[in-house]
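Let's take a walk through this model together, starting with a helix packing and moving on to some aromatic rings.

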Amino acid sequence: MKLFWWTFGCLSISMTLGVLIFSYYQFQIYHRLESLSQSERLKEYGNLSRRVITAQFQRIKKSRSAGNDICRDLALRSRSRVTLITEEGIVLGDSLYGSNYRVDEMTLSQEYSTKFDPSTGGEIMSHSTLISGPEGMKKVYLRLSRPIIGDREKIKIFFQESGLAVLSFVCLIILCSAIISSKIDGAISRVVTSVIKFQSGDLRHRIPSSEFMEIQYLGDALTRMAETLKNNREILQQNMNQWEGIFASMREGVLVLDYDYKLRILNDAAIEYLGLTARRDYLGVSLLDVIRHPELNAIIRSLSEGDQYEESDIEIDTGDKSYYVISGTRLKVNPEQPMGYLLVLRDITRIRKLERVRKDFVANVSHELKTPITVIKGVVESLSDCIQDDPARAANFVDTIDRNTDRINRIIDDLLCLANLEQDDSQSRDEFYSRGIAETVADAVAACKTTLSQKEIEVKIKIEDEVILGNHRLLEQALSNLIDNAAKYSKRNSIISLESRIVDNSLELRVQDAGIGIAASHQRRIFQRFYRADSSRDRSTGGSGLGLAIAKHIIQVHGGTIGVESTPGKGSCFFVRLPIAVDDPRIDQPVLSA
């Protein structure tokens, strides 16, 4: 509607001004043409009247009333004022006022003249014609006068004609404005609708063509702009996807803060490390409100005070204690204005745990080696005193030295075996070959024959001879460690049973004893190095404390699992699950290392 009134107003003003200007010039032309036609008619009437006056000169000379009558008669015919005047300005006859006045003889010499008429407010045009009188009579002028339309009348006519013209034009303008505005409004509405679609994100939309060239140019420009925006948005989206993929795949936690410490970027690793939930719940929130940590706050405060880089170790407890190295740096648009802060969290929990394991390992190894060495040292001192006086006692000391030396040797061998398993799994896998598990179990039982015979323990075997792809030398060692462990903690004349069953495409081997059992509090840690549920009893058996740890690593190298089920006083059951070899190219192709 606004477009209609705007179009209507512009057209109305321009058309009205045009009409008025046109009417004014038309009026001037009309006035000039009217003046020319008046002069021609007066001249023609003057020539006709001159012949009449010439024929009536004698009558006019005798009586002035006759001159007035003749002038009135001629005035009726020519529809003009007729006046007969001598060259001295004496009026011989006048169709309007009679002959009782004089006129200015200066105007008689002019063929045409005009003067203002106060009664009408207009002008009177006069034409003077010289008439040659009879002998004895001076020159006589015949003047015909006719009024030209007055100014008031002119203005009245002008406004009447102009008003009608303006009214006609206004009606025409209204019709044209409605048609033009509806077309323009429709074209603009289509452009506006398209722009709204662009704003909503539909940059594939195209603006319909328009019959108006300017709007068509605008539509083409907006379409090109939308195409450019679409391409730029796709490039930005691709870059964003790449960055999001990089951030998501990083194991380091990445946090980007603005100058007010509000979170702007937060990757999945950071959410996991900080124990947060959904990312959207924290974006735009100050990190100081998300997590309260003294070391973290100190780093942020140091960066805000001007430090370019800060690094520190922090501990975060989200259920399980975790350790991280946090690195912070300032993000800058220019050297004077920091844009924000970048924090990177690197998980060093495993390193810390390994350091703790290393410390425990050193302490345990030192303790395990110190005991037999101390025994050996004491025995050697005693042996030096009685080697000559008491040979039998000396022989007993020598036997003690031998047993403790063997124990030290076993500890060292087990440590080397465990180190090899942890450092190079690939070498063990290179020695995989297919073999029935029953044969491996038999070899493991034979390896424990001495321990079993000393305690008169019977071994019952009920094994399905499934084919297992693996390093059977290591599997024999793992099973012998389990059997030896069961024998050490079983009573004399007891029974150890070895059974197998198929569970989820895996072979489960179970070593069941009737020993003292393991308390539930110890079962989770029983496979750790040097861990003993009963340390005094285990040392008395001569064990190194590494047998179960070695068995666990061997089973893990083969992609299996190991566990224990035990009730104190009722014995323990160690179980091992190994994948069964199926369609493996190495089946039935033993590859044994030298």
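At what angle do helix α12 and helix α14 pack? This is a predicted model, in which local features need pLDDT of at least 70, side-chain atom pairs count only at pLDDT 80 or more, and totals for chains, interfaces and linings use all residues. Residues are numbered from 1 along each chain as its sequence is written, and side-chain values use heavy atoms, leaving out hydrogens and water.

Now to the helices: α12 (residues 437-447) and α14 (residues 472-488) meet at about 50 degrees, and their axes are 8 Å apart. The two are therefore oblique to each other (angles under 35 degrees count as roughly parallel, over 145 as roughly antiparallel, 65 to 115 as roughly perpendicular and the rest as oblique). Their contact (heavy atoms within 4.5 Å) involves T440, V441, D443, A444, V445 and A447 of α12, together with H472, L475, E476, L479, S480 and I483 of α14. By type, these residues are seven nonpolar, three polar and two charged.

Next, the rings. The whole structure holds three aromatic pairs (ring centres within 6.5 Å; planes under 30 degrees apart count as stacked, over 60 as edge-to-face and the rest as tilted). Y273 and Y324 have ring centres 4.8 Å apart and planes at 40 degrees, so this pair is tilted.

F527 and F574 form an edge-to-face pair, 6.1 Å centre to centre with 90 degrees between the planes. F527 counts as buried at 12% relative accessibility, and F574 is buried at 2%.

Terms used. Axes are lines fitted to C-alpha atoms, for helices over the stretch in contact, and angles run from 0 to 180 degrees between N-to-C directions. Helices (H or I, at least four residues) and strands (E, at least two) are DSSP runs, numbered from the N terminus. Ala, Val, Leu, Ile, Met, Phe, Trp, Tyr, Cys and Pro count as nonpolar, Asp, Glu, Lys and Arg as charged, and the others, Gly among them, as polar. Rings of Phe, Tyr and Trp (its six-membered ring) pair if their centres lie within 6.5 Å; planes under 30 degrees apart count as stacked, over 60 as edge-to-face and the rest as tilted. Buried means under 20% relative accessible area, exposed over 50%, partly exposed in between (1.4 Å probe, protein chains only).
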